[in-house]
Amino acid sequence: EVHGGAHHEFSPELAVRLGGVRLSNPADPDTAFITARALRIPVSAMQLLSRQIDVSEITFESPVVAFIVNDRGEASWDFPSPKQPAPLEMDIVNGSVRYFDARNGQSFAFGGANLGIELSADGEITIRGTADVSGRLARIEAYVKSLPRVHEDGAPADLSFDAPDLSVTFNGRLATAKVLSLAGTVAVSSPDPVA
């Protein structure tokens, strides 16, 4: 859904800008996966003239990304697979991310997120960037082998969180089918305390 209309931008690059964007899973249209102040799609003059816009690169401005599992166990990010899946590159600018499982109350959230996200045609996802996590500016890197499998049998994942006073890495399996769970190896380190 687009509530704020569409217009062209010419700086810093030629783009189509959609205002007031809301993206929901068709199976649960009441729960938005992403709401954003705006969505920018870079375009070329030829794409505008031919009216065939390539949406493989998009930028969400001030989005709220909501990984929600409702009381029926449906995940907000579990979209039907397209007939011809294509890779997608997304930038999150000044966004917030939250997770909530209505079945058991598990939740977490962070804001101030500036993230680059690459989603391959077969569902692999790579995330790199920074966010404000509990008052700490942290560098975040994540890789998940198959985003659709996270809410099924789980998927191999590598996660790292690096803040000035704490570093955490995880290598193993991420799953949300019953509860949010990580099965694997976790390493935690922090600088030596100052005497």
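This talk walks through selected features of one protein structure, from its strands to its core and its charged and aromatic pairs.

Good morning. The structure is a predicted model, in which local features require a pLDDT of at least 70 and side-chain atom pairs count only at pLDDT 80 or more, while totals for chains, interfaces and linings use all residues. Residues are numbered from 1 along each chain as its sequence is written, and side-chain values use heavy atoms, with hydrogens and water left out.

Let me begin with the strands. Strands (E, at least two residues) and helices (H or I, at least four) are DSSP runs, numbered from the N terminus. Two strands are said to pair if DSSP finds at least two bridges between them. Strands E9 and E10 pair in the antiparallel sense over six bridges. Within that pairing, Tyr143 has Asp158 in E10 as its bridge partner. E10 also pairs with E11, again in the antiparallel sense, over nine bridges. There, Leu159 stands opposite Phe170 of E11. With two residues between them, E10 and E11 form a hairpin.

I turn now to the interior. In soluble globular proteins, nonpolar side chains tend to be buried together. A nonpolar core is here a set of buried Ala, Val, Leu, Ile, Met, Phe, Trp, Tyr and Cys residues joined through side-chain atoms within 4.5 Å. Buried means under 20% relative accessible area, exposed means over 50%, and partly exposed lies in between, using a 1.4 Å probe and protein chains only. The largest such core has 37 residues, and those touching the most other members are Leu39, Ile58, Phe60, Trp77, Phe110, Val133 and Val144.

Which residues does Leu39 touch, not counting those up to four places away in sequence? With contact meaning heavy atoms within 4.5 Å, the answer is Val16, Arg17, Leu18, Val21, Ile58, Thr59 and Phe60.

Next, the aromatic rings. A pair of rings is described by the distance of the centres and the angle of the planes. Rings of Phe, Tyr and Trp (its six-membered ring) pair if their centres lie within 6.5 Å; planes under 30 degrees apart count as stacked, over 60 as edge-to-face, and the rest as tilted. By this rule there are four aromatic pairs. Tyr99 and Phe108 form a stacked one, at 5.6 Å centre to centre and with 15° between the planes. Tyr99 is buried, at 4% relative accessible area, whereas Phe108 is partly exposed, at 40%. Elsewhere, ring pairs link Phe33, Phe67, Trp77 and Phe79 into a cluster. Trp77 was also named among the core residues that touch the most other members.

The charged side chains come next. Side chains of opposite charge can pair when their charged atoms come close. A salt bridge is a side-chain nitrogen of Lys or Arg within 4 Å of a carboxyl oxygen of Asp or Glu. How many salt bridges does the structure hold? The structure holds eight.

One of them joins Lys145 and Glu124, at 3.1 Å from N to O. This pair links distant parts of the chain, 21 residues apart: Lys145 lies in the loop between strand E9 (136–144) and helix H2 (147–150), and Glu124 in the loop between strand E7 (107–119) and strand E8 (125–133). Both partners are partly exposed, Lys145 at 39% relative accessibility and Glu124 at 21%.

Another joins Asp165 and Arg136, whose closest N and O atoms are 3.0 Å apart. Here too distant parts of the chain are linked, since Asp165 sits in the loop between strand E10 (155–163) and strand E11 (166–175), while Arg136 belongs to strand E9, 29 residues apart.

Finally, two points of backbone geometry. Most residues other than glycine have a negative phi, and most peptide bonds are trans. Ser62 has a positive phi, near 50°, and lies in the loop between strand E4 (57–61) and strand E5 (64–69). Ser134 likewise has a positive phi, near 50°, and is found in the loop between E8 and E9. Is each serine buried or exposed? Ser62 counts as partly exposed, at 25% relative accessibility, and Ser134 is exposed, with a relative accessible area of 67%.

That concludes the presentation. Thank you.
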